[in-house]
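Dear colleague,

Here is the structure for your files. My notes follow below it.

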Amino acid sequence: DVWGLDAAVRLPGGQLRAGQRLELEAGHAEITFDSGARVVLAGAAVLELNSAWDASLRGGTLTASVPREAIGFRISNSAVEVVDLGTEFSMVANANGSADVFVLKGEVEAAARAAGSDEVILLRENESRRFEASGAMSIIDGEQTRARLGLPVEMPRLARALHGVRWSFDEADGAR
């Protein structure tokens with residue numbers, strides 16, 4: 001994996017904080033949020049961490065896996081905000097400001113972020129939409145989207161997951 005400016009995220013198990021911007025130039029990276037949501041970035045990608053429940057994809061591709069305890073986890077960009085309902089989905093933030101959302105399992109709520117747009121749609125398994133920065137929305141071919149995204153990447157684990165560990169996005173200085 002090739003990281004941009006923030007070398008602190010290179011270490012497996014490294015801690016992240018709210019407001020941190022992750023710039024992955026190449027490869028794949030897995031981020032597990034305190035909420036329990038897990039995001040796999042595919043480089044080149046830029047992700048801003050807003051909280052344990054919220055992130056903004058500024059460019060690139062991610063796949064989010066959201067367990068039952070993290071229902072309500074959000075990923076947004078300039079064109080769309082996606083609220084996960086306990087599922088797995090992918091988002092591609094395109095260079096032109098549009099975003100493609102594809103639901104791999106379960107359901108998500110998606111809302112265009114353009115001014116004056118208040119429509120929220122429910123996307124189910126194998127459904128996909130393109131959201132334009134202007135607020136326009138279109139159905140895109142699910143099979144083409146699936147082929148473009150490829151299969152979700154399974155990240156090797158260097159250590160077993162620890163249960164009961166707390167990491168708060170509210171601690172800006174990283175101190176415990």
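**Strand pairing around strand 5**

Thr 63 stands opposite Ser 90 in strand 8. This is a predicted model, in which local features need pLDDT of at least 70, side-chain atom pairs count only at pLDDT 80 or more, and totals for chains, interfaces and linings use all residues. Residues are numbered from 1 along each chain as its sequence is written, and side-chain values use heavy atoms, with hydrogens and water left out.

Strand 5 and strand 8 (residues 88–93) run antiparallel and are joined by six bridges. Two strands are taken to pair if DSSP finds at least two bridges between them. Helices (H or I, at least four residues) and strands (E, at least two) are DSSP runs, numbered from the N terminus.

Strand 5 also pairs with strand 4, in the antiparallel sense, over ten bridges. A hairpin of two residues connects strand 4 to strand 5. Within this pairing, Leu 41 is opposite Leu 62 in strand 5. With strand 6, strand 5 pairs in the parallel sense over three bridges; Asp 54 has Arg 74 in strand 6 as its bridge partner.

Of the twelve residues in strand 5, nine are buried, so the strand is mostly covered. Buried means under 20% relative accessible area, exposed means over 50%, and partly exposed is in between (1.4 Å probe, protein chains only).

**The chain as a whole**

The protein chain has one helix and 13 strands. Read from the N terminus, the order is β-β-β-β-β-β-β-β-β-β-β-β-β-α. The chain has 176 residues, of which 41% count as buried. It exposes about 9500 Å², with carbon and sulfur atoms supplying 49% of that area. Accessible areas come from the Shrake-Rupley method with a 1.4 Å probe, and for residues only the protein chains shown count as cover.

Among contacts with a separation of 6 or more, 39% are between residues 24 or more positions apart. Contact here means heavy atoms within 4.5 Å.

In soluble globular proteins, nonpolar side chains tend to be buried together. The largest nonpolar core here has 35 residues, and those with the most contacts inside it are Val 39, Leu 41, Leu 47, Leu 62, Ile 75 and Met 91. Strand 4 supplies the largest share of this core, five residues. A nonpolar core is a set of buried Ala, Val, Leu, Ile, Met, Phe, Trp, Tyr and Cys residues joined through side-chain atoms within 4.5 Å.

Apart from neighbours within four places in sequence, Met 91 is in contact with Leu 57, Gly 60, Thr 61, Leu 62, Ile 75, Val 80, Val 82, Asp 100 and Val 101.

**Aromatic pair**

The structure holds one aromatic pair. The ring centres of Phe 33 and Phe 73 are 4.9 Å apart and the planes are at 65°, so the pair is edge-to-face. The pair links distant parts of the chain, 40 residues apart: Phe 33 lies in the loop between strand 3 (28–32) and strand 4 (38–51), and Phe 73 in the loop between strand 5 (54–65) and strand 6 (74–76). As for the cut-offs, rings of Phe, Tyr and Trp (its six-membered ring) pair if their centres lie within 6.5 Å; planes under 30 degrees apart count as stacked, over 60 as edge-to-face and the rest as tilted.

Phe 33 counts as buried at 3% relative accessibility. Phe 73 is buried too, at 0%.

**Salt bridges**

A salt bridge is a side-chain nitrogen of Lys or Arg within 4 Å of a carboxyl oxygen of Asp or Glu. By this rule there are seven salt bridges.

One of them joins Asp 100 and Arg 130, at 2.6 Å from N to O. This pair also links distant parts of the chain: Asp 100 is in strand 9 (residues 99–105) and Arg 130 in strand 12 (residues 128–131), 30 residues apart. Asp 100 is buried, with a relative accessible area of 3%, whereas Arg 130 is partly exposed at 25%.

Another salt bridge connects Arg 21 and Glu 23 (3.2 Å, N to O). Arg 21 is partly exposed at 38% relative accessibility, and Glu 23 is partly exposed at 27%. Arg 21, Glu 23, Glu 48 and Arg 58 are linked in a network of salt bridges.

**Backbone note**

Asn 126, a residue other than glycine, has a positive phi near 70°. Asn 126 sits in the loop between strand 11 (120–124) and strand 12, and is partly exposed, with a relative accessible area of 40%.

Regards
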